[in-house]
Structure formats: structure tokens, C-alpha cells
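Please have the model open as you read.

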Amino acid sequence: MSANKKKIRREMTLNGVKVWITADTEQEYADKLLQLAGAGQPTGTKHRFRDYAENWFEVFSRPNVAKVTELTYRRQLERHIYPILGNRTLEEIVPADIQRIFNSMPNDTRQQTKNKVKIVLSQVFKMALDDGIITRNPLESPSLKIKGTASEATKPYTVEQMRYLAAHLSEVKRPADRAWLAISISLPLRPEEVLGLRWGDFDAEKCIVNIRSTVTHPTRNEPEFKPYTKTAASVRSLIFPREILSYLPEPGQPEEFVIGGPKPVSYTQLRGIRKRVNLDTRFGETITPRRFRTTVATDISAATHDLKLVQQMLGHATPQMTLRYYDKGRSGAIDASKAIEKCYGINGS
């Protein structure tokens with residue numbers, strides 16, 4: 001089928017139940033419609049996996065997940081699941097079919113990717129169990145061997161590199177670029193949290209910033225503002241070094257973005273910010289936003305030996321999640337601004 005040719009995807013009500021029918025051609029659509037309606041089919045018609053999975057996706061998944069999650073689920077279905085299970089029926093799928101999906105993936109496939117495939121399969125098979133179509137979930141077979149390569153740990157910048165960036169903050173020409181760098185090297189925020197900051201989130205008098213929204217790029221250059229964070233634990237209030245205020249532009253309206261103004265920054269614009277910062281500071285290594293979060297949290301941990309503090313700063317739900325990457329420490333306050341000032345030598349200009 002041509003890459004530009006759109007699939008047929010229509011919602012129908014059959015016997016009082018809404019279902020989605022997808023097909024590549026009108027003829028295939030008509031055949032499926034007749035099959036679902038029971039025309040000329042014996043009692044106990046089998047359920048083609050692709051049709052059933054599409055119904056799950058359209059009714060239960062897409063309307064209820066974030067855009068980036070929707071695209072991730074679609075990618076797993078099209079790339080990995082449908083080529084193996086698409087034309088098989090739910091009733092005939094066995095653990096060996098599931099194993100073939102993972103066996104067909106490249107040897108260097110990350111475990112994280114395989115886990116995403118498992119999530120989609122699990123939800124489809126769970127619905128099939130609830131509907132009484134299958135009696136056993138083939139994904140739960142103890143015979144399955146699903147193991148991918150471990151994701152590479154994010155490498156932090158050195159303290160010397162962070163000190164260098166802090167010392168050259170004033171050389172960053174554009175106000176938005178300067179603000180992005182100052183915030184990124186001061187707080188262990190996710191890149192999408194930095195872009196989601198609005199002026200209403202800042203309390204300049206108390207030096208507190210409220211992390212409560214994000215800006216993501218599910219389709220590259222169509223930034224998506226979300227009035228919520230990745231998890232409930234990610235909603236947090238952090239104290240930042242007062243010196244950072246001198247690197248921020250003139251405040252805008254409460255709903256305007258600190259990085260971007262009236263509109264959130266696009267993927268291309270963020271790439272431009274990174275390139276300009278690198279050029280202005282003459283930093284000798286590629287600037288990667290996610291490395292700042294890892295670096296700042298690592299140095300807070302090294303300076304305070306406080307696991308609870310690092311957990312709070314990162315917005316992790318449990319200390320176990322933090323322990324996977326950072327040192328164990330004592331319980332303490334949420335103010336880590338002094339540790340960052342000491343580590344990087346950030347001074348107001």
C-alpha cells in the first residue's frame with residue numbers, strides 16, 4: 001500500500017455495540033463488516049487480532065492517553081505486533097507467536113522498547129479475557145524469554161564543565177537562551193519541565209519555582225503544552241539560587257512561558273537554543289538537555305548525601321527509583337540551592 005494512502009477506519013454500531021473497523025480497501029472493509037454482522041458466517045466466528053486491537057486502540061486507548069503515548073502505542077502495533085499477529089485470530093494465538101514478535105526484533109533492541117510492546121499486548125489480551133474471547137493470556141506463559149539490552153546510563157557532565165557554563169552564562173546573547181541554560185544547570189528538571197515553566201510558576205521574592213506543567217514534542221515541531229507533569233510525584237516546589245533571577249528576561253504575563261514567551265518552544269527552536277548556547281559559551285561538547293538533570297542531581301547527592309532531598313528534587317515517586325542512579329543519604333530539606341551555588345560557582349551579574 002502506498003505510504004500516502006490512508007487506511008479506512010470507521011466506527012459502527014453492531015447489535016448495540018460500537019466497534020471500529022479498519023481496512024486497506026473498501027472491499028476489505030465490506031468483508032469485515034459482513035463478518036462482524038454474521039452474514040454467511042457460522043456461529044463462533046473467530047476474531048482477527050488486528051481488528052480487535054484496533055478496536056481497543058480507538059475506544060480505550062487513544063481517547064484516554066497523552067499524544068506521545070498514543071503515538072508510542074501505534075508505533076509498537078505497526079512495527080512489531082501486526083507483522084506477526086495481525087492476520088491471526090485471538091483464539092489461535094499461542095505463546096510461541098508472542099515469542100516470535102520479540103525474536104524478530106534486532107539483537108540490540110533496548111529492554112525499554114520490548115517493555116512497550118509488552119504493555120500494548122497486555123492491554124489487548126486483558127480486554128480479550130474480559131470479553132470472554134480467550135481463556136488464557138499467552139503473554140503470561142513462563143516459557144517466554146523477553147530480554148533486551150540495557151539502556152545506557154545518562155553520563156553526567158563533569159563539575160568543571162558545569163562550572164565553565166556557569167562562569168560563561170553572561171556571554172549567552174539571547175535572553176531566552178540565557179534563561180534556559182541558567183535554569184537547566186541550577187535545578188534537576190526534565191527538559192520538558194524547563195520548557196513548561198511559566199512566569200506564574202515563579203515566586204521571585206521567596207526564590208521558589210512550582211513545577212506543575214510541561215511542554216512536549218510528540219510530533220517534533222508541534223509543541224504540546226500540558227498543565228500537568230509526568231507523574232503526580234513530579235508536581236513539586238523547589239528553591240532556586242537567587243542569582244538565577246539576574247539571568248532571566250523581563251517577566252511576562254503569568255501564563256506566558258519563561259522560555260518562548262506567548263507560545264511554547266518547538267523542537268527546532270530548542271535545537272537552535274542549544275546550538276547558540278554552545279557557540280556563545282564556546283563549550284567544547286554537545287549540549288544535551290537530559291544530561292543537565294542527571295548532572296545536577298548527581299552533584300546535589302554528592303554535596304548533601306541526602307537521598308530524600310534528591311528524590312524530592314527529581315520528582316521521583318519512591319527513593320528506590322532514585323537509588324538506581326544516586327547515592328543514599330540522610331533525610332533533609334528541599335532547599336538545595338546552596339549546594340548548586342557551591343558546586344558551580346553561580347554568581348549574579
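By the pairing rule used here, the count comes to 11 aromatic pairs. Rings of Phe, Tyr and Trp (its six-membered ring) pair if their centres lie within 6.5 Å; planes under 30 degrees apart count as stacked, over 60 as edge-to-face and the rest as tilted. This is a predicted model, in which local features need pLDDT of at least 70 and side-chain atom pairs count only at pLDDT 80 or more, while totals for chains, interfaces and linings use all residues. Residues are numbered from 1 along each chain as its sequence is written, and side-chain values use heavy atoms, with hydrogens and water left out.

**F49 and Y82**
- Helices here are DSSP runs (H or I, at least four residues), numbered from the N terminus.
- Both F49 and Y82 are buried, meaning under 20% relative accessible area (1.4 Å probe, protein chains only).

- Because W180 lies in helix α7 (residues 175-184) and F292 in helix α10 (residues 289-304), the pair ties together parts 112 residues apart in sequence.
- W180 and F292 are each buried.
- One aromatic cluster is formed by Y157, Y164, W180, F283 and F292.

**Charges over rings**
- R291 lies over the face of Y157, 3.9 Å from the ring centre. For such a contact, NZ of Lys or CZ of Arg must be within 6 Å of the ring centre and within 35 degrees of the ring normal.
- R74 lies over the face of F57, at 4.4 Å from the ring centre.

Technical notes. Buried means under 20% relative accessible area, exposed over 50%, partly exposed in between (1.4 Å probe, protein chains only). Helices (H or I, at least four residues) and strands (E, at least two) are DSSP runs, numbered from the N terminus.
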